Amino acid sequence: MSLLTVQNLKMHYPVRSGVFRRARQVCKAVDGVSFSLKEGETLGLVGESGCGKSTVAKSVVRLLKPTAGTIHFEGQDITRSGAGDLRRFRREMQMVFQDPAESLNPRHTIGQILEEPFVIQKLGTPAERIEWSTELLRRVGLPEDSTNRYPFEFSGGQRQRIGIARALALKPRLIVCDEPVSALDVSVQAQVLNLLLELQNDFKLAYLFIAHDLSVVQHMSDRVAVMYLGKIVELAPATELYRNPRHAYTKALLDAIPEADPSRRRERHLLKGDVPSPINPPEGCAFGHRMRHPRWKESVGIDLTLRELAPGHWVQPCPCCVE
Amino acid sequence: MKKRLLEVRNLRVGFQTEQGLLTAVDDVDFTLECGKMMGLVGESGCGKSVTARALMRLLEQPSGRVLGGEVILEGRDVLTLPLEAMRRIRGKEIAMIFQEPMTALNPVHRVGRQIVENILLHQEIGTRAALRRAVELMEWVGIPAPDERINDYPHQLSGGMRQRVMIAMALSCNPRILIADEPTTALDVTVQAQILDLIKRLQKDTGMAVILITHDLGVVAETCDDVAVMYAGRIVERGPVGTVFQAPLHPYTKGLMSCLPRLDHPPKTMLPIIPGIVPGLRDLPPGCRFASRCPYPHGAEVTTNRQPWRECGGGHGVEACACFANTI
């Protein structure tokens, strides 16, 4: 059974303008996203900025209330759960944020930061909480005497370890990682990625792993979903997606990644234009529209729900982007 | 015959702080040849941006200052020029583009005016001709409908377009050297590919030399001719991109290259890592600065004695730390 099932998730925001702040336009940040996640599995989510990956992340842990669609966690519908229910569910699902400097309270000591989940969930005695938080520090590879220090005393990579320790505190089954390494240097990035893999092994964690760096996502994930303008355009096992991309956007993304190997320098097929705005997105296939594909018109009005082309390999059946 | 355009010799830059004088760039040497693209790579805090700012004499004042060394641009030492002469070099001979074009552009002026300003500063032409030139430049850097975009404010443009405006501005006076400080870090990969492609194309068109500062080894491998790897204020290895990436010598360069996740590797396997973190500027040893993270066995003397520089032929040079020097 899936740990997490997201069906047709939509997150629309009104864009207000004019004197009376009327909602004149709709920003479709996430527009019909479905996926599922098994225990101990990692689903990677990639796409350019503004494609809605972070909105998906925040909806999954219910920091946002989706406009439409359902989110089932451990078989229960949490789409409309209230604060009380959510508190219970959040023991099971946690989040690691992009910027560890901004997601740790600068006025709290590391001890306070790590004990807070226990305080909120009313778990343990003060002495137990201290014991648990030192154990967490040990687990993520930080010195145990860090409890009395403040976030500013740590480097970016160490702060991210603290963020991970906090997410681990309640022994969750799912951790949503929103760009966990994009603020880190390469040498530190590898350390944090290894830590995440180790923890996944030890605690059978499921990750929803979001990043804009396709090579990082590919490295961390069992399956990868590629998002474009609020929709998943392709979802496949990680190696399959890299070896055999089917959607034109996935191909373009893969092609744009600079490889650290000068012998493989190649002519690249550059994408033209920018990521379009999710406010009033084009009809039909958004990517075909950006590419001014001659067959884009054919995608208007047809059902673009993902189809399974090969076992586990799902693609938007778009006439202009998929051969 | 290769022509040396810019020579940096023993450059040292420090910042006066509450904790005393911190040396951010310590003894940096490199040569930039005409029409070449050199990558300056390293992690944050390694001194790559400070080096670039020192070349432009744009160090943060009053704390930052050059402690020693020379920057020779066609026979003149840029570091000792009077300010007035320096102002003529900046923007005209050496131009610079920055990471975040939103903060580098003035938000309350139209982009056209900002391009024109630079042209009028360095060239003796009228406003109208300068405007025409600005439109041409914007077209050249691939901004669609430039005669309309010229009246836009920076916030009306996307990140990629803003970076193109920055590039147009930098190239308005045909500089001989372009310093690009993390020009694509704030951009998406697809837009990054566009901008890098643009910089390469413009470089070919104009024959200018480019110093590309980045933390992304992939970007260097795809675009640069030469590369210099910096660590904690020093260049630890430099040479042609092909040689350095194929056969890196310094353990730091090796570590950096192996710890990158690659698309063709099997997923969910442990990556080789460089243990530890970059040492702070306050506690840098006089010798090898990588010693505390170095995987090779080494004695204490490598941290107390400055390790010699060794040229290995073909322009490939490395700080030959005793821990690996006998293997070269």
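**Close-up views of chains A and B**

**View 1. Chain B meets chain A.** The contact (heavy atoms within 4.5 Å) takes 48 residues from chain B and 50 residues from chain A. The model is predicted: local features need pLDDT of at least 70, side-chain atom pairs count only at pLDDT 80 or more, and totals for chains, interfaces and linings use all residues. Residues are numbered from 1 along each chain as its sequence is written, chains are lettered from A in the order in which they are written, and side-chain values use heavy atoms, without hydrogens and water.

**View 2. The buried area.** Buried area is the accessible area (1.4 Å probe) that two parts lose on being put together, summed over both. Between chain B and chain A, about 4,000 Å² is buried. Carbon and sulfur atoms give 58% of this area. In chain B, the residues that lose the most area to chain A are B:Glu222, B:Leu263 and B:Lys268, together 21% of what that side buries.

**View 3. A salt bridge across the interface.** The rule (a side-chain nitrogen of Lys or Arg within 4 Å of a carboxyl oxygen of Asp or Glu) finds one salt bridge between chain B and chain A. A:Asp222 pairs with B:Lys268. Their closest N and O atoms are 2.7 Å apart.

**View 4. The largest cavity.** On a 1 Å grid over the protein atoms alone, a cavity is a set of points where a 1.4 Å probe fits but cannot get out. Volume is the space filled by probe spheres set on the points, joined across faces, edges and corners. The largest cavity holds about 30 Å³ of space. Residues with an atom within 4 Å of a point line a cavity; here they include B:Tyr231, B:Cys288 and B:Glu319.

Methods. On a 1 Å grid over the protein atoms alone, a cavity is a set of points where a 1.4 Å probe fits but cannot get out, and a pocket is an open set with protein on both sides within 12 Å along at least five of seven lines; lining residues have an atom within 4 Å of a point.
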